[in-house]
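Biologist: I am new to this kind of structure, and I would like to learn how to read it feature by feature. Could you take me through it?

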Amino acid sequence: TEDNVKKDLSEYKGVWVFAEQREGKLMPVVIELLGEAKKLAAEIGTDVSAVLCGDEVGALTHELFAYGADKVYQAVHPELKNYRTDAYTKVIQEAINQYKPEIILLGATHIGRDLGPCLAVRCDTGLTADCTKLEIDPDDKKIRQTRPAFGGNLMATIICPNHRPQMSTVRPGVMDKAEYVAGREGVAIRLNVSFDEDEIRTKIIKIVKEAGELASLTDAEFIVSGGMGLGNPEGFELLKKLAEKLGGTIGSSRACVDSGWIDHSYQVGQTGTTVKPKIYFACGISGAIQHLAGMQSSDYIIAINKNENAPIFEVADYGIVGDLYEVIPAILEQL
Amino acid sequence: MKILVCVKQVPDTNEVKIDPVKGTLIREGVPSILNPDDANALEAALAIKDNDPTVKVSVLTMGPPQACEMLRECLSMGADDAYLLSDRAFGGADTWSTSNTLAAGIRKIGDLDIIFAGRQAIDGDTAQVGPQTAQRLDIPVVTYVQNVEIDGDKVIVQRQMEDGYELIEVKTPCLLTAVKELNEPRYMSIYDIVDACSKEITIWGHEDIKLSPENCGLKASPTQVFRSFTPPTKGKGEMLNGTAAEMSKSLVSKLKGLHVI
Ligand SMILES: Cc1cc2nc3c(=O)[nH]c(=O)nc-3n(C[C@H](O)[C@H](O)[C@H](O)COP(=O)(O)OP(=O)(O)OC[C@H]3O[C@@H](n4cnc5c(N)ncnc54)[C@H](O)[C@@H]3O)c2cc1C
Ligand SMILES: Cc1cc2nc3c(=O)[nH]c(=O)nc-3n(C[C@H](O)[C@H](O)[C@H](O)COP(=O)(O)OP(=O)(O)OC[C@H]3O[C@@H](n4cnc5c(N)ncnc54)[C@H](O)[C@@H]3O)c2cc1C
């Protein structure tokens, strides 16, 4: 770290977003990161850039401009088509060394949580994991990064005062999306990309898709979630009726996923997906802290539970004590 | 083949209580356990050893002297030997410092084919230490590993993704981080518990692993905890009354009144 102390921190400028793409599509979290980056950049008085890696990046560059990126750093190479740790780490580290961003945000996806830590060590700086809130300190303009730890039991605000860039991975589904402005333009900057033989030390043999419903959960305006109170996996059929009537989707507690009732991609919570729909129905869900961590910022929470002391009622805007098999059909009748 | 598993002793976060006034953890009476993902990592290593008894499995932790308890547990599950990196200078480490210290310990142990870690520890919850340790050792890393097959000096792993998995080939030496889907960890056997008592735990401080106090622990950590607090809960709303039909009717009319449906 002795080198670091000598780093001139004032050379580091601008907020960067890692524009994670898969199969040529931006991940939804990238739009959320751009929304957040805009806010942070406005407070510091700087601009927003996206770093985009892939084998073909033209269309995505325009999309990033439309979502508010002032600059897009493009790394284009056949080896960058799919994410691989060594390839992406090398390219982005070089870009960081050359252009010196002050802040870098990455989505806390399975890719962002692999890339972020590698970059942080290579750039000799800190990384705050899985942030749910970012703020600029009004006095020193440094970033304050708030994140859950201890299984959601504790929130910690982390700072990285003496190292640059300041880096965070950000939990998908938490930040507000950037606005899309059709035709908005920016500056595209090509990065030099080359790889030595054997420099990329992993090989992808194949990519297997098992479920593709994730996006629908983070984007849903209405979510009807079920827990162990359903009693059996068929209970989700009833929830589906309500979800479909509202134009939303179903969700689940982890206990149902662990019981094999429903796929993990439906799980809401600390180790599942974070959601913030207009209405979240929690049906037969007790309200464990790890579940609350993933749905507490929904606009309206409606809890249906047999047990009037269930902790889920503590966060519910409307609570209904009763058997979900009586209450849900009755709600369906009213709609 | 030599395999090392990085293991961390953590408070059982299911049992953690928070002091609502001070916003700090009440650690008293909270049991310390082997981090769940690390149990999967150790199981993966032991399963490789089951197939090939010439494989040696070591475990490594950085932590206070109490972590010996957890190391004994790992030895009782079947690990051959254990290393504890323990020093006041290591305290207060963020993941930058933790990975720096672990990497120094691993270099001293030397000559490893596969290093396993857990994906994530249930206290810090960052999932950063595995990939960062690999970077420091300059070996390839695959995170979120849900299946492992050994094929000579190659390892074929499934890397879990949000919507499926990638099948990845990587050469040894490499570092893999385990998720819970990887396997079912075994229990300690009575035979092994007895046997474990005779196994050695090597304890090293900063001088043993040639790390200056400036490069470990709180001092070297780029991140700092500025403050910690209990998550604000959304206040309790309104409990509806009446029969199922009455409550449903009142719910729907309230939601319509709020223009959310
Ligand atoms: C590290 C860690 C991470 C975790 N991550 C998550 C996560 O991401 N998401 C998550 O959900 N959990 C998570 N959990 C698990 C969590 O702690 C709880 O165990 C889980 O959420 C409980 O699920 P549940 O509410 O469905 O079941 P239960 O706690 O069993 O609750 C069932 C509820 O249904 C009610 N009920 C029963 N019958 C009826 C009926 N007919 N009508 C109405 N109500 C009825 C009961 O009163 C009860 O409240 C995690 C745990 C750990 C340790
Ligand atoms: C409230 C709170 C918030 C924090 N937030 C951050 C943060 O955002 N960024 C940051 O850099 N640090 C943070 N830290 C510090 C971090 O918890 C410590 O650095 C810790 O030593 C390692 O991180 P972890 O628990 O997240 O482990 P993870 O990275 O989640 O652990 C992954 C795997 O690495 C291995 N491993 C981890 N620690 C050890 C160990 N001591 N010995 C052996 N193997 C180990 C295990 O195999 C483990 O399964 C935070 C600490 C607290 C208390």
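This is a predicted model: local features need pLDDT of at least 70, side-chain atom pairs count only at pLDDT 80 or more; totals for chains, interfaces and linings use all residues.

Biologist: Is strand 4 of chain A buried or exposed?

Modeller: A residue is buried if 20 or more other C-beta atoms, placed from the backbone, lie within 10 Å of its own, and strands are DSSP runs of E with at least two residues, numbered from the N terminus. In strand 4 (residues 48-54) of chain A, seven of the seven residues are buried, so this strand is largely enclosed by the rest of the structure. Both of its faces are covered, with A:V48 among the buried residues on one side and A:V51 among those on the other.

Biologist: Which strands pair with strand 4 of chain A?

Modeller: Two strands pair if DSSP finds at least two bridges between them. Strand 1 (residues 15-18) of chain A runs parallel to strand 4 of chain A and is joined to it by four bridges, with A:F18 partnering A:V51. Strand 5 (residues 71-76) of chain A also pairs with strand 4 of chain A in the parallel sense, over six bridges, and there A:C53 stands opposite A:A75.

Biologist: Where does ligand 2 lie?

Modeller: Ligand 2 lies between chains A and B. Counting a residue as near if its C-beta atom, placed from the backbone, lies within 6 Å, 40 residues surround ligand 2, and B:A117 and B:G118 are among the closest.

How values were computed
Residues are numbered from 1 along each chain as its sequence is written. Chains are lettered from A and ligands numbered from 1 in the order in which they are written. A residue is buried if 20 or more other C-beta atoms lie within 10 Å of its own, exposed if 12 or fewer, and partly exposed in between; C-beta atoms are placed from the backbone.
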